[in-house]
Amino acid sequence: METRGDFEVQLEGMREYYRGGNTRGASWRKSQLRGLGRLLEEREAEMNAALEFDLGKHPVESYRDEIGSLIKSVNYALGCLKGWMSAEKAKLPLAAVLTTAEIIPEPLGLVLIISSWNFPFGLSLEPLIGALAAGNVVVLKPSEVAPRCSSLLANVLPAYLDPKAVKVVEGGPTISEQLVQQKWDKILFTGSARVGRMVMAAAANHLTPVTLELGGKCPAVLDSLSNSWVREVAVQRILGSKFSACAGQACIAIDYVLVETKFSSTLLELMKAWISKMLGENPRESRSMARIVNKNHFFRLKTLLEDPNVKASIVYGGSMDENSLFIEPTILLDPPLESGLMQDEIFGPLLPIITLKKIEDSINFINSRPKPLAIYVFTHNDSLRKRMVAETSSGSVTFNDAMVQYVADTLPFGGIGESGMGNYHGKFSFDTFSHHKAVVRRSFLVDFWFRFPPWNDHKLQLFRSMYLFDYLGVLLTVLGLKKSKQD
Amino acid sequence: MAGEDKKQQPFDSKAASSLVAELRGAFASGTTRSYQWRESQLRGLLRMTDEHEQDIVAALRSDLGKPELESVLYEAAMLRNSCKFALKELQRWMMPEKVKTSLTTFPSSAEIVSEPLGVVLIISAWNYPYLLSLDPVVGAIAAGNAVVLKPSEIAPATSALLAKLLGEYMDSSSIRVVEGAVPETTALLEQKWDKIFYTGNGRVGRIVMAAAAKHLTPVVLELGGKSPVVVDSGINLQIACRRIIVGKWGNNNGQACIASDYIITTKDLAPKLVDVLKNELETFYGKNPLESKDLSRIVNSDHFTRLTKLLDEDKVSKKVVYGGERDPTKLQIAPTILLDVPRDSLIMNEEIFGPLLPILTVDKLEESFDIINSGAKPLAAYIFTNDKKLKEHFVNNVSAGGLVVNDTTVHLAVHALPFGGVGESGIGAYHGKFSFDAFSHKKAVVYRSFMGDAAIRYPPYTNGKLRLMKALLGGSILGILRALFGRS
């Protein structure tokens, strides 16, 4: 175990390395990204094994949600890096003769990435891609709640990346607390809102900017759909997003479904049919569903179901096995809204269906709760679509599907209000770890003599015209043909 | 009007809480979201500035002794330009930005929608009290938010003027001013805002961010620092000095976040530099600058005492090569230059924010970069040089909010440039579209078709699905075809 002193020495070493300019060049950054690419290719089997050990994930799920997505992101960053690094020219008014202005992105310096346990590789390496592409040195703190994944990262990253620039620090809440007390140039945190507040409070001591990727209760609004084929696609997408992504333990998983009362029984029948088709008779054995990460969360979820009114609303599933930390896919119909299940982020394979008189009521329902990370709406109705976008607020809105926004490189991924601040993915990752520095270059040749004191009305008039970009006015005043306002 | 009664009662937590609740109601009603509302409020700010320019000049003279030209140019005209630019661009800013989607989400279309954050708090500073209050308000309104503005109590005439004028010209259901000092600001900071925009110093900036953390409120902090000016030889020294002078003493007598704080130059150049500075200073402000009408005064006795303490410190008092005169009755300190001050002096360890300009000398100018980078990142950094290599080295290696080559402070006026700090000098940026963005949430919206890949993403998981998925995520058409036809 390192002492606090050792650790601070290490950080200072990293800052030195950064100050030496070692991480600024495009070739260094590309080598890091390529290193990550090779890691993902060469260590896929070990990563799958770690995810299976920590979370019971199937390799296809691991590829879909983490490894494959990371490969895509690495390639995207490699392809875009030159463009991202280049200065952006800024438009200047004509009056600014012989002047140029541009915005130059530069790294922030020493950054901290604190990751979560549910997508332990994705949520560690996706931000790392951005931090390295932007030329920073990085400390990564993976979650101890996924210990195999955490130690795999600690072991392999030094072999693929520049060990002077990227360090993995393993440990629990005490280590995290010590880490956030240090002075960072940026912190990107993925986790709960409760811890997010503590991270930001610690960051405030050093005026460290933060990106907080938090959570919330992501609703799925299911409107009446035109035909049975479309309904089945919708149901598959809903079930897939709830049960097949870390068994619902995902910040962008569908937390609950809103549907009109008259469609609830159809929905239920469709869900029951498709759950067994998709997850099979024994989802635990087939690993078509991940398990609950640990006893803590298992008991948290168990407790949610122990509320007698909640228990009474279970219409499918409900069985739990403490030994294997496995919870069956469970559907509930109209559990009480004041229950823990409907107040807290579920983060598990329990799917409440809440019925409404009119689907439009979902707007008020959603707005009376904290802003979620994502809202999903399944509808053909154009006016409902427009209202959803205009009248609700969330990190993102996806129509007719769920979770796909995560793999879109051109969309900012982040929350609002209780679901977070800042964003990343694609160029947004690069930007979130950069300072956009304004640079103006002037010539010695041209200056407006009236720029300098002593002041008088004549000079003031010139300035008035100048600021209005009224060049004729400037000319006339200089020639003495135009009087100042005061005359 | 209720306005008069409200002045009598203290503005405490309860008052702050009900103010926020009121504005949340206004925001929820949708009033601030329409283009018409935003446009009308921006025009209101414009009219207000036009119709009351003389009142603004008078308030600034009362608060700061600011010369009319500075008030007209750096506060009124800049604010006007901000409004006009926002009015010109508003429709474009409000439009969703379509983005390309790729094979991984095919078929789909996507866009980024800008939406207002909600109810925002803007805390302003005392040195450009009109501009620094209203420039962020321009951004907040353009982005469709409801706004509470807390002007600085250290510029009381401007604060009162803002409260009066905004009450008359703006929609008070959604835009309000709260005057006051620490107790009122504390009450405001206890509330839950959707954004807090603060202009001021690092000490209070930390307090603001800590308060914001309780509610997960994002912040923009426009702070300060010691903005250095590096002066090389082989340049037109007269022009350089004029630009340095107007950027320092011509900007509220050095009380400006981006004023040149100190100079670094070579031991060889320093004597000549000092001579030219002296000449130009005399041209600008006369032989008796304490009498000059073209210099703001020091804002109050606290700052006057602070600055004289910096001047009178033992290790520094003998380094004065020009100026040093002060008049406590007028709260005025003459433009003062100090040469070769020790690096561990008080004046080199805090943001000066006044009419004192220390000059540090080095053997080789390249040493200046290490000096600058060894301190906190400033809001701005400047260099005067014709040496191309030195220019590029400076631009690429000095980290600051913004940099200017061969001038000072002018980047403030460029709408297309983000204005903000980094590290100790701040978080976030504004001006132009950056103001609109600072007060907006960029919401990702994806429109998917029901057609597409329904089955392969989900269990039951098979090798075939895995191959197809690898091909899709890899984006190669050939790979996809292969996977579809069962080969890999």
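How many residues does the contact take from chain A and from chain B?

1. Chain contact. The model is predicted, and the points below should be read accordingly. The contact draws on 104 residues of chain A and 102 residues of chain B. Between them, chain A and chain B bury about 8300 Å², and carbon and sulfur atoms account for 64% of that area.

2. Polar and charged pairs between the chains. There are 4 salt bridges between chain A and chain B. One of them joins R442(A) to D407(B), with the closest N and O atoms 2.8 Å apart. Polar contacts link 36 residue pairs between chain A and chain B, both residues being at pLDDT 80 or more. On the side of chain A that touches chain B, the residues comprise 51 nonpolar, 28 polar and 25 charged.

3. Domains of chain B. The domain assignment divides chain B into three parts: domain 1 (13–223 + 431–442), domain 2 (228–419) and domain 3 (454–485). A distance of 31 Å separates the C-alpha centres of domain 1 of chain B and domain 2 of chain B. Their contact involves 23 residues from domain 1 of chain B and 24 residues from domain 2 of chain B.

4. Area between domains 1 and 2. Domain 1 of chain B and domain 2 of chain B bury about 1900 Å² between them, with 54% of this on carbon and sulfur atoms. Which three residues supply more than any others of the area that domain 1 of chain B buries against domain 2 of chain B? They are W126(B), H431(B) and F434(B), which together supply 27% of that area.

5. Pairs and elements at the domain interface. Across the interface of domain 1 of chain B and domain 2 of chain B, 0 salt bridges are found, whereas 8 residue pairs are in polar contact (both at pLDDT 80 or more). On the side of domain 1 of chain B that touches domain 2 of chain B, the elements giving two or more residues are α4 (53–64), α5 (68–94) and α16 (432–438) of chain B. Of these, α5(B) gives the largest share, 6 residues. By class, this side of domain 1 of chain B has 10 nonpolar, 7 polar and 6 charged residues.

6. Record annotations. An unreviewed UniProt entry lists "domain: Aldehyde dehydrogenase" for residues 14–445 of chain B. This span is 43% helix and 18% strand, and its end C-alpha atoms lie 38 Å apart. UniProt (unreviewed entry) also places the feature "active site" at E222(B) and C257(B). These positions are spread over 36 residues of sequence but cluster in space, the largest C-alpha distance being 9.0 Å. E222(B) belongs to strand β7 (residues 219–222) of chain B.

7. Salt bridges overall. Over all chains, the count comes to 51 salt bridges. Among them is the pair R24(B) and D194(B), whose closest N and O atoms are 2.9 Å apart. R24(B) lies in helix α2 (residues 13–28) of chain B and D194(B) in the loop between α8 (182–189) and β6 (195–199) of chain B, so this pair ties together parts that are 170 residues apart in sequence.

Key: Residues numbered from 1 in each chain as written. Chains lettered and ligands numbered in written order. Predicted model: local features only at pLDDT ≥ 70, side-chain atom pairs only at ≥ 80, totals over all residues. Heavy atoms only, no water. Domains from an automatic or database assignment. Contact = heavy atoms within 4.5 Å. Buried area = accessible area lost by both parts, 1.4 Å probe. Salt bridge = Lys/Arg side-chain N within 4 Å of Asp/Glu carboxyl O. Polar contact = N/O pair within 3.5 Å; in protein donor to acceptor, adjacent residues only side chain to side chain. Helix = DSSP H or I, 4+ residues; strand = E, 2+ residues; numbered from the N terminus. Nonpolar A, V, L, I, M, F, W, Y, C, P; charged D, E, K, R; others polar. UniProt positions renumbered as here; feature names shortened; annotations may be inferred.
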